Amino acid sequence: MPRSHNPQFLTENRVFRVDDQSSLIKQTEAELQQQKLDFQVVNRALAVLSACTQAVIRATDEMTLLQTLCELITQEAAYRMAWVAYVCQDQAKSVKAMAWAGYEADYLKTLNITWADTERGMGPTGRVIRSGHPVACQNMLHDPNFAPWREAAQQRGYQSSIVLPMLNNGEVFGTLNIYSAEAYAFNPREVELLTQLTDSLSFGIIALRAEQSLRENEQRYRLLAENISDLVCIQDLDRRYLYLSPSCESLLGYGYEELIGEDPYILFHPDDRDRIAEEFCAAILGKNNISITYRISQKSGNYIWLETLTKPILDEAGQVVQIQTTSRDITERILVQERFKYEALHDALTGLPNRNLLMERLKLGMNRIHNFEGYHFALLFLDLDRFKVINDSLGHLVGDQLLIAIARKFQSILRSTDLVTRIGGDEFVILLDEIKDIQEAIRATEKIFKALACPLIIEEREIHVSTSIGIVFGTKDYIRASDILRDADIAMYRAKNQGKARYEIFDREMHAIAINRLQLENDLRRAIEQQQFLVYYQPIIDIYNHRLIGFEALIRWQHPTRGFICPAEFIPLAEETNLILAIDSWMLSTACQQLATWNKKFPSRQPLKISINLSAQDFRKVNLIEEIDTILKETGLEGNAITLEITESMLIEDINKTIYVLKEIKSRNIEISIDDFGTGYSSLNYLHRFPVDHLKIDYSFVSQMQKENRNYQVVSTIIDLGHHLGLAIVAEGIETSQQMQWLRELDCEFGQGYLFAKPLSAQDIEIKFLT
């Protein structure tokens, strides 16, 4: 059960939702969507970490703390279930559930988990106890080690889990188990924050046990403890010592004779002296017991924290004649509290202030800007460009070291009055305090760009990093700190969209765009509920004999007030918000049902094929294959009637998983087509490994073809490559007879475009192509 000095993160399915290397040709919408998701995920984990840290600080009872944390994890982070297990040192090496929250439904009664090296000890909990490292089960459905509990987990909607060790001096004494209703739910950055949460929980439990042990010892040896451990003193009204218990030597290092008759004022920490004097006087005047917490110097010069109960001693007339004090060393308690306070306000990786401290400073800045004429500040929101590519290609350890190096660089080039914070992932926010105008913020931004122009050396590697920056100039127009951070975020995304490695200054137009985007998202959700979508079909033609081969199904949104909305406007948003899953499911079912209808209505036109687009999110669905099987069964279609189109970048998002899913699809005789080939991530190194049938040449290459020009050569190369791999070629965007002639000369087999027909409704397709 020991935890090694160099911890590692064990996973049973090394699968996380990650973006891949960005292409020099074009940044895909998938990268922006993933960045947004990562931002939301890390914000969620940070909120839970902060709430749980506060719970640990306030905790007075171990069992209540465990229950509170389970409830916070399921309520604040919307996990399906969370529970805490303690390790039993019995012969069976069993595990005992101590607390749980969320949808449990007697699941824990069925577990029968052991941490022995047996079949029921090979699950995540048993492995964590034996190894001392976190274990993620990213897909319970396919993880062989989870087999004993799979049925019970499926019945309760659990899809993935993370189990984290609770450690005391390197030994695992318990585990924190978190279950999600989604597969592949835990990304590395979230695991890092959950590990911090578990470490804080472990520390809190150990502290509570120590306090409980202390209370029990105090009750057992109360008289002895009062006279030996605590410092009992009697002082006159001028604070001079009249009596000190023998513990003064063990506590302060001074002998009795050195302190008797002396005023301890000189021993108090300079920052505490005035407060102690005031409270001492209050004890005399009020004749009440008062508790004072302060720092006092030992003979060695070190300061310790004392908690002192001040009790007035009264004469027969009720007048205060002396003061009795009982002092206890609470240095360890103060250090624990300070640690928790620090962790609640600072990033564990870089040591920079975190979102909580940033928001406090922003609120102070807003108060100043409303109360002091001429005061200004600016907020810079930074997001590193292509950081996930670096992180995924060189490893998370290098990625972490890079973040630390960047944090140090930012601190070194900015003023000491400026606040550099990390709010999660690869996002930093800098508060420029007391600046004169926006030009000063721009100069600071240019300073950052200049500093990042030089490569960073990480593990003897040169790593080039750039960043996109959004700038907001603080004005009296702002009321809430969250609004300033939101606007800086909006400006940063504008900088990303404008080409990266640049800055954008927020203006009201950006806010209007963000509001419109939010409105579009709400309309999109309503469109899914009210089925406002239509499927249009574009014919795919054999360009040698002009024979109709089939159709590509294309989504159309008929908005009740705006009319038809272009897919380019709402598809990226649907992907970013995961609404694409519902849209694609409807699209797949509707298009297949339409083809089945045409087969029955126009039997002489068979065999016809339908091409349907899948998104990256569809590929991550656990039940994609099951959904395809259901649609085939309901429509009566054979698999060879369907072609599923995927983008080039989806192929290399997770090579092994992609190959597995593609093989499952191919086993049903469904064909696979790579859409928009050549415009996304380069997949040439992997293309031969994928069981695909077609390459689709993007319309941007076809539409710009001229004899022997660059686009002509690109098209020729794609066709040659496809044929070399035994793939058929489909050209998109054919608009002229000349283009079709060139494509025919280059041996391209199939095509679609306005030369043949624009996308049409099902009714128009029947009239123009099937009757």
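Modeller: Helices (H or I, at least four residues) and strands (E, at least two) are DSSP runs, numbered from the N terminus.

This is a predicted model: local features need pLDDT of at least 70, side-chain atom pairs count only at pLDDT 80 or more, and totals for chains, interfaces and linings use all residues. Residues are numbered from 1 along each chain as its sequence is written, and side-chain values use heavy atoms, with hydrogens and water left out.

Start with the length. Helix α24 has 15 residues (710-724), and at 1.5 Å a residue they should span 21 Å. The expected span is 1.5 Å times one less than the number of residues. The end C-alpha atoms are 21 Å apart, which agrees.

Now the buried side. Its residues are Asn711, Tyr712, Val715, Ser716, Ile718, Ile719 and Gly722. They cover an arc of only 160° around the axis, so they lie on the same side of α24. The arc is that of the directions from the helix axis to the C-beta atoms. An α-helix has 3.6 residues a turn, so residues three or four places apart point the same way. Buried means under 20% relative accessible area, exposed over 50%, and partly exposed in between (1.4 Å probe, protein chains only). Exposed Arg710 and His724 are on the face turned away from the buried side.

Next, the ends. Asn709 caps the N-terminal end of α24, with a side-chain oxygen 3.3 Å from the backbone nitrogen of Asn711. Such a polar contact is a pair of N or O atoms within 3.5 Å; within protein, one must be able to donate a hydrogen and the other to accept it, and residues adjacent in sequence count only if both atoms are side-chain atoms. Just after α24, Gly726 takes a positive phi of about 80°.

Now the aromatic contacts. Rings of Phe, Tyr and Trp (its six-membered ring) pair if their centres lie within 6.5 Å; planes under 30 degrees apart count as stacked, over 60 as edge-to-face and the rest as tilted. The count comes to 19 aromatic pairs. One of them joins Tyr107 and Tyr158 edge-to-face, at 5.0 Å centre to centre and 90° between the planes. Tyr107 is buried at 0% relative accessible area, and Tyr158 is buried at 1%. Elsewhere, Phe533, Trp557, Phe570 and Trp586 form one aromatic cluster.
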